[in-house]
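Please examine the sequence and the model shown below. The paragraphs that follow discuss helix packing, then aromatic rings, and finally the chain as a whole.

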Amino acid sequence: MVSKPLHPNQHAYQAGKSVETALHQLMVRVEKALDQQELALGVFLNIEGAFNSTSYDSMCVALARHGVNRTIVRWVKATLEGRRATAMLGNLSRSVAVSRGCLQGGVLSPLLWCLVVDELLMRLSGGGVYAQGYADDICLLAVGKFPNTVSGLIQWALGTVEAWCVELRLSVNPDKTGLVAFTRKRKLPGFFEPRLFGRVLQRSMSVKYLGVILDSRLTWKEHVDAKVRKAHNSLWACRRACGGAWGLGPRVVH
């Protein structure tokens, strides 16, 4: 692991990295593209059931790829394969062996997934597309002056994601995949919506990524409005919990 660290664009479960670093790295590139009057096409996708559907073999291969001792790899595999899931209803119970996935809440589970998805980030590197990950959230960004070229780069990246998912028997839902063209131009001649697993991705004006709403012009208005609505609802929820002569005391309310 020391000689073969995780991809630098993986921001989850590591010291010194967080949601803030992931958003910063992405926004630096988008803002630079807007300043240079270029198009930044972003795709935001989520690997479905990442922690529950990843195979044991893919985890062990990822461990070996990063130089983990073979004995430790065998120990990890034995720990994963030895699990059983039990469901109980009244006096009835059913127990089955778990054949895929990481331990729920396990200390090692985040690292195992990061090692698995690291291969995808490596494949996407050097192809003209910026790719970054945060756990099972993957962001793809292509920047350029010509919309058809940028769309083509994103299509190549999505094809790479498809091939990787097929190999590992994982999936991405196209309906839950966000496609946003960050630009201040009104028209994009030659632009075409890329496809993912045979489905055309519909371009939207905004997307929610790591808890932040990103609009196509980076005005932040939609995100601020959402936060104001949430604060307003919380304020009125507190207001309904007390009155002049009843409810919570001033100290508790404060």
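Are α3 and α4 roughly parallel or roughly antiparallel to each other? The model is a predicted one, in which local features need pLDDT of at least 70, side-chain atom pairs count only at pLDDT 80 or more, and totals for chains, interfaces and linings use all residues. Residues are numbered from 1 along each chain as its sequence is written, and side-chain values use heavy atoms, with hydrogens and water left out.

Two packed helices are described by the angle between their axes and the distance between the axes. Helix α3 covers residues 56–65 and helix α4 residues 70–81; their axes come within 10 Å and cross at roughly 160 degrees. Here axes are lines fitted to C-alpha atoms, for helices over the stretch in contact, with angles from 0 to 180 degrees between N-to-C directions. Helices α3 and α4 are therefore roughly antiparallel, the term for angles over 145 degrees. Their crossing is right-handed, that is, the near helix is turned clockwise from the far one by less than a right angle.

On the α3 side, Tyr-56, Asp-57, Met-59, Cys-60, Leu-63 and Ala-64 meet Val-73, Val-76, Lys-77, Leu-80 and Glu-81 of α4, contact meaning heavy atoms within 4.5 Å. The residues of this contact comprise eight nonpolar, no polar and three charged; Ala, Val, Leu, Ile, Met, Phe, Trp, Tyr, Cys and Pro count as nonpolar, Asp, Glu, Lys and Arg as charged, and the others, Gly among them, as polar.

The structure also holds three aromatic pairs, for which ring centres of Phe, Tyr and Trp (its six-membered ring) must lie within 6.5 Å; planes under 30 degrees apart count as stacked, over 60 as edge-to-face and the rest as tilted. Phe-44 and Tyr-209 form a tilted pair, 5.1 Å centre to centre with 50 degrees between the planes. Phe-44 lies in strand β1 (residues 39–48) and Tyr-209 in strand β11 (residues 206–209), so the pair ties together parts 165 residues apart in sequence. Both Phe-44 and Tyr-209 are buried, meaning under 20% relative accessible area (1.4 Å probe, protein chains only).

Trp-113 and Trp-164 have ring centres 6.3 Å apart and planes at 65 degrees, so this pair is edge-to-face. Trp-113 belongs to helix α5 (residues 109–124) and Trp-164 to helix α6 (residues 147–168), 51 residues apart. Ring pairs link Phe-51, Trp-113 and Trp-164 into a cluster.

Overall, the chain contains eight helices and 12 strands, which are DSSP runs (H or I, at least four residues, for helices; E, at least two, for strands) numbered from the N terminus. Buried residues make up 41% of its 254 residues.

Methods. Parallel < 35°, antiparallel > 145°, perpendicular 65-115°, else oblique. Buried < 20%, exposed > 50% of the residue type's maximum accessible area, 1.4 Å probe, protein only.
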